Structure formats: structure tokens, C-alpha cells
Amino acid sequence: MIRRPPRSTLSSSSAASDVYKRQCPLTGVIGYNCTTDCGSRAGDPVGDFGFLTGDCMGAPGDTWCQVRGWCCNGQLPADPDPATTGCVVKGPDAWSLFLRLNVAFPSLGVQINTGDHGFEPGVNQWFLGEVLAGANLTYDEVAPYGAVVLMHAIFNCTFDQTPYRCHPRWEFSRLDTGIFSRGNSWRERVLDPANVSFRKVEKRYGIRFKVLVSGCGKLQVA
């Protein structure tokens, strides 16, 4: 749970495209130029584009299979550099993050809930900036393009003590370190209630947290 001001978000808008429901050519989509037989595939779905009509469309010598679905008004604009859009949300590194874990050790008949005793800093509650610092990151570094951060809870419990005293050790690391997948982004579709044939597509960037739990529990017999 992230405690944050109302109507705030951990994302920044990067690009928006006006999209309409109509017929349009699949210009530039590999395998859908009219050197292939579009007619035999009428009704087939094409990803998020829509469904093939079976017709061809385009300028002479440059025709493509026609699709009925959501079509961009003109050419789809290239995504601008999110670091230059001025849409980065300021201050989330001071927001509070609360994470409750329910962990069971069936062979020992023990179950632990890390939220049973309220907020415990470093156990179930952190500032967002603290989690990023644990992964050797800063908010300013990841805010423009987003990031995927792993929160790894490691239990090493001895149950001849009170079970709730067994707190996990936390390790934080960044997952999106590959050349082709750095950052974290997604697209949102905003529908127009007054025009069901129109929608706006926005690309957003933000921080995603993934949680991994591992470890062991034991009893010590004197």
C-alpha cells in the first residue's frame, strides 16, 4: 500500500495519440501488404489493431490489408523523451510504502503476519526513497523512465522464540537492467463518453515493485 496525496500517481505521461474506430490500412505491418491474399483472411484478428475486412487499402503500388478497428488519426507519433516532457511527478520519494506478508511454515504449524503489530519501519513500512536507496537508486534517476524494483524478503526463523519476533531481512535490487528493457512503461486508453468511436492512447512511465519471499524456519531442541 502506498500512502499518497489524492489524484497523484507514480507515473508520468509521455505521449498521447488520438485514435478512431474505423477502417484503415495496416501500413508497414510485416505480412499484411497486398502481395498476400488479404481476402482469405477476412475476419481474422490482428493484435490490438482490430479485424481484417478482406479488402486492400492505400495508394497505388503501396496497398495494405484493411482492418476495421482502432486507427490513429494520421501517423502514430514517435514517443518523446520522457525526461523532456515536464510531466514527472515530484516528491514520491517521501511517500510511505506499507507491505504486509502472510508466511506459513506448515510442517511446524506456524504462520507469521508481518502486519499484526502495526507499522514497523524497515519490517513492513518504508519511505519510497529508502527502498530505492537500498537498490542503489535515487528517485530523480528513475522518475523519467520508470523502473522495476525487486523487494526480497528473506526469513531465517527459530521458533522456540515468539514467532512474530522473526522478522525478514530485506534486500532491494533493480530488475530492468537489460539493454532492451530498461525502465517501465505501459499504455492507457482514455475513452470519450460522448463519442464511442474515439479514444486517446497515452503512454505512461512509472515504478513497479515485485515481491519475492524465501527462507526457512526451524526449532532448536536442547
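# Briefing on a predicted protein chain

In the hairpin formed by strand 7 and strand 8, four residues lie between the strands, and Gly-109 takes a positive phi near 65 degrees. The model described here is predicted. The protein chain contains two helices and 13 strands. Of its 222 residues, 36% count as buried. The points below are grouped by topic.

**The chain as a whole**

- The accessible surface of the protein chain amounts to about 13200 Å², and 53% of this surface belongs to carbon and sulfur atoms.
- Where contacts in the protein chain join residues at least 6 apart in sequence, 67% of them join residues at least 24 apart.

**Hairpins and strand pairing**

- Strand 7 and strand 8 run antiparallel and are joined by four bridges.
- Within this pairing, Ala-104 stands opposite Gln-111 in strand 8.
- A second hairpin consists of strand 12 and strand 13, with two residues between them.
- Strand 12, which covers residues 185-192, pairs with strand 13, which covers residues 195-218, in the antiparallel sense over eight bridges.
- Leu-191 has Arg-199 of strand 13 standing opposite.

**Nonpolar cores**

- The largest nonpolar core comprises 28 residues, and those with the most contacts inside it are Phe-105, Trp-126, Leu-132, Met-151, Phe-155 and Trp-170.
- At least two residues of this core come from each of the following elements: strand 7 (102-105), strand 8 (110-113), helix 1 (128-134), helix 2 (139-142), strand 10 (147-158) and strand 11 (169-174).
- Strand 10 supplies the largest share of this core, namely six residues.
- Another core, of nine residues, lies apart from the largest one; Leu-26, Tyr-32, Cys-38 and Leu-52 are among its members.
- Met-151, one of the residues with the most contacts inside the largest core, touches several parts of the chain when residues up to four places away in sequence are not counted.
- The residues that Met-151 touches on this basis include Leu-97, Leu-99, Trp-126, Val-131, Trp-170, Phe-172, Phe-209, Val-211 and Leu-212.
- Glu-171 and Lys-210 are also among the residues that Met-151 touches.

**Aromatic pairs**

- Five aromatic pairs are found in a search of the whole structure.
- In one of them, the ring centres of Phe-105 and Phe-159 are 5.0 Å apart and the ring planes stand at 65 degrees, so the pair counts as edge-to-face.
- This pair links distant parts of the chain, with Phe-105 in strand 7 and Phe-159 in the loop between strand 10 and strand 11, 54 residues apart.
- Phe-105 and Phe-159 are both buried.
- The rings of Trp-170 and Phe-172 have centres 6.3 Å apart and planes at 20 degrees, so this pair is stacked.
- Trp-170 and Phe-172 are likewise both buried.
- One aromatic cluster is formed by Trp-126, Trp-170 and Phe-172.

- Asn-113 is located in strand 8.
- Asn-113 counts as buried because its relative accessibility is 17%, and the limit for a buried residue is under 20%.
- A polar atom of the Asn-113 side chain lies 2.8 Å from the backbone nitrogen of Gly-115.
- With residues up to four places away in sequence not counted, Asn-113 touches Arg-100, Leu-101 and Asn-102.
- Cys-24 has its place in strand 2, which spans residues 11-25.
- The relative accessible area of Cys-24 is 14%, so this residue is buried.
- Cys-24 is in contact with Met-57, Cys-65, Gln-66, Val-67 and Cys-71, leaving aside its neighbours within four places in sequence.
- The C-alpha atom of Cys-24 is separated by 8.6 Å from that of Gly-58, and the two residues are 34 residues apart along the chain.

- Asn-136 lies in the loop between helix 1 and helix 2.
- Although Asn-136 is not a glycine, it has a positive phi of about 60 degrees.
- The relative accessible area of Asn-136 is 70%, so the residue is exposed.

Technical notes:
Residues numbered from 1 in each chain as written. Predicted model: local features only at pLDDT ≥ 70, side-chain atom pairs only at ≥ 80, totals over all residues. Heavy atoms only, no water. Core = buried A, V, L, I, M, F, W, Y, C linked by side-chain atoms within 4.5 Å. Buried < 20%, exposed > 50% of the residue type's maximum accessible area, 1.4 Å probe, protein only. Contact = heavy atoms within 4.5 Å. Polar contact = N/O pair within 3.5 Å; in protein donor to acceptor, adjacent residues only side chain to side chain. Pairing = 2+ DSSP bridges. Phe/Tyr/Trp six-rings, centres within 6.5 Å; stacked < 30°, edge-to-face > 60°. Areas by Shrake-Rupley, 256 points an atom, 1.4 Å probe, with all protein chains shown as cover.
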